[in-house]
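Visitor: I have a structure open and would like to learn how to read it, one feature after another. Could you take me through it slowly?

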Amino acid sequence: MAAWYKKSMALSLLFAITFGLCFFFTSAELQRFEHPTKIDGSLSFLVLGDWGRRGAFNQSEVAHQMGRIGGKLDIDFVVSTGDNFYDNGLTSEEDTAFEESFSRIYTANSLQKQWYSVLGNHDYRGNAEAQLSPVLRQIDSRWLCLRSFIVNSELAEILFVDTTPFVKAYFTDAEGHTYDWRGIHSRKAYTANLLKDVESALKKSTAKWKIVVGHHAIRSVGHHGDTEELKRRLLPILQANNVDFYMNGHDHCLEHIGDTDSSIQFLTSGAGSKAWRGDIKGHNKEGLNFFYDGQGFMSVQLTQLDAEIVFYDVFGNILHRWSTKKHFHSST
């Protein structure tokens, strides 16, 4: 066990040095990765969720358009909002689905950048530890998936949050599925500690833009709707700490909802492959700016003063564009 741990840490360190990423543990114990902005101080990236199906359900077509848009925007990295491999995650570090659904699909030059990923509920139905393993980074150096971590570029700080353990139903009514809860010995303690880490990191952040990424939606009018556990426990922390964007997948759609009690924008990008046509909730549409029930992805462009969010369909057509000026919050 000790030998395996030393090997894993050595691989992680080698990976970080190779790609110029420095990581360390914050006092709140969230692992931190430094990712520089462009020379002009701007940052751009794509956001994709719910995708890994060996190219099926238009995954390959979405990937092609991501490559085209990624080149046009000169993206710095890609964010994956989880459910990376269907239907039940990976079976092991040697599972061929990793290359068949990732390496051989996202082949465009513009997508040969760092991919920052979180786990989704479908990932937990397989060998969740496999996706976290540095062995996968040897197979494809773009891959970086952890439970929760921070990507900091000074301009923006992005907190990736492991949301699946928050959902009580996965523990009490698994509907015949088996979840890999290794590393989560107590759901109550795990989620409570994670919330403390998130709150601590957000309070300390001096970034112009604060972004939180999780698999599950806080607000959604899609198939799953709002995630009540996150509305109750995570949302107040985001509101209190002036978070700008919460980005997620889980619902297989694209949507933009504005929070009615703060400036937070809820952005769903979960349309990387199979989509759910016509599956929209008729209730709780307050703040809804955009909803699309087909495949696609999202782009984010940030400067010191501006942010632009764009949603694209499977053909690369722009479906929804939203921009905002940075409002500076006075410290208390």
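Predicted model: local features only at pLDDT ≥ 70, side-chain atom pairs only at ≥ 80, totals over all residues.

Visitor: Which residues touch the most other members of the largest nonpolar core?

Guide: The general idea is that in soluble globular proteins nonpolar side chains tend to be buried together. A nonpolar core is here a set of buried Ala, Val, Leu, Ile, Met, Phe, Trp, Tyr and Cys residues joined through side-chain atoms within 4.5 Å, where buried means under 20% relative accessible area, exposed means over 50%, and partly exposed lies in between (1.4 Å probe, protein chains only). In this structure the largest such core has 60 residues, and Met66, Tyr106, Leu238 and Tyr246 touch the most other members. Helix α8 (residues 187-204) gives the most to this core, with 6 residues; helices (H or I, at least four residues) and strands (E, at least two) are DSSP runs, numbered from the N terminus. There is also a second, separate core of 32 residues, which includes Phe33, Leu43, Ile158 and Trp209.

Visitor: How many helices and strands are there in the chain, and what percentage of its residues is buried?

Guide: The chain has 10 helices and 16 strands, and buried residues make up 59% of its 332 residues. Among the contacts in the chain with a separation of 6 or more, 72% are between residues 24 or more positions apart.

**Salt bridges**

Visitor: How many salt bridges does the structure hold, and how should I read one?

Guide: In general, side chains of opposite charge can pair when their charged atoms come close. The rule used is a side-chain nitrogen of Lys or Arg within 4 Å of a carboxyl oxygen of Asp or Glu, and the structure holds 14 such salt bridges. One of them joins aspartate 140 and arginine 142, with the closest N and O atoms 3.0 Å apart, and both of these residues are buried.

Visitor: Where is aspartate 140 placed, and which residues does it touch?

Guide: Aspartate 140 is in the loop between α6 (135-139) and β6 (143-145), and it counts as buried because its relative accessibility is 9%. Leaving out residues up to four places away in sequence, aspartate 140 touches Phe98, Phe102 and Ser103.

Visitor: Which residues are linked in a network of salt bridges?

Guide: The network links Arg219, Asp226 and Lys231. Within it, the side chains of aspartate 226 and lysine 231 meet at 3.3 Å, N to O; aspartate 226 counts as buried at 15% relative accessibility, and lysine 231 counts as partly exposed at 27%.

**Backbone details**

Visitor: Where does a cis peptide bond occur, and which residues have a positive phi although they are not glycines?

Guide: A cis peptide bond, with omega about -5°, joins tyrosine 86 and aspartate 87, and aspartate 87 lies in the loop between β4 (77-80) and α3 (97-103). As for positive phi, aspartate 50 has a value of about 55°, and phenylalanine 57 also has a phi of about 55°. Aspartate 50 is placed in the loop between β3 (43-48) and α2 (59-73), and phenylalanine 57 is in the loop between β3 and α2 as well. Aspartate 50 is buried, at 0% relative accessibility, whereas phenylalanine 57 is partly exposed, with a relative accessible area of 44%.

Methods
Residues numbered from 1 in each chain as written. Heavy atoms only, no water. Contact = heavy atoms within 4.5 Å.
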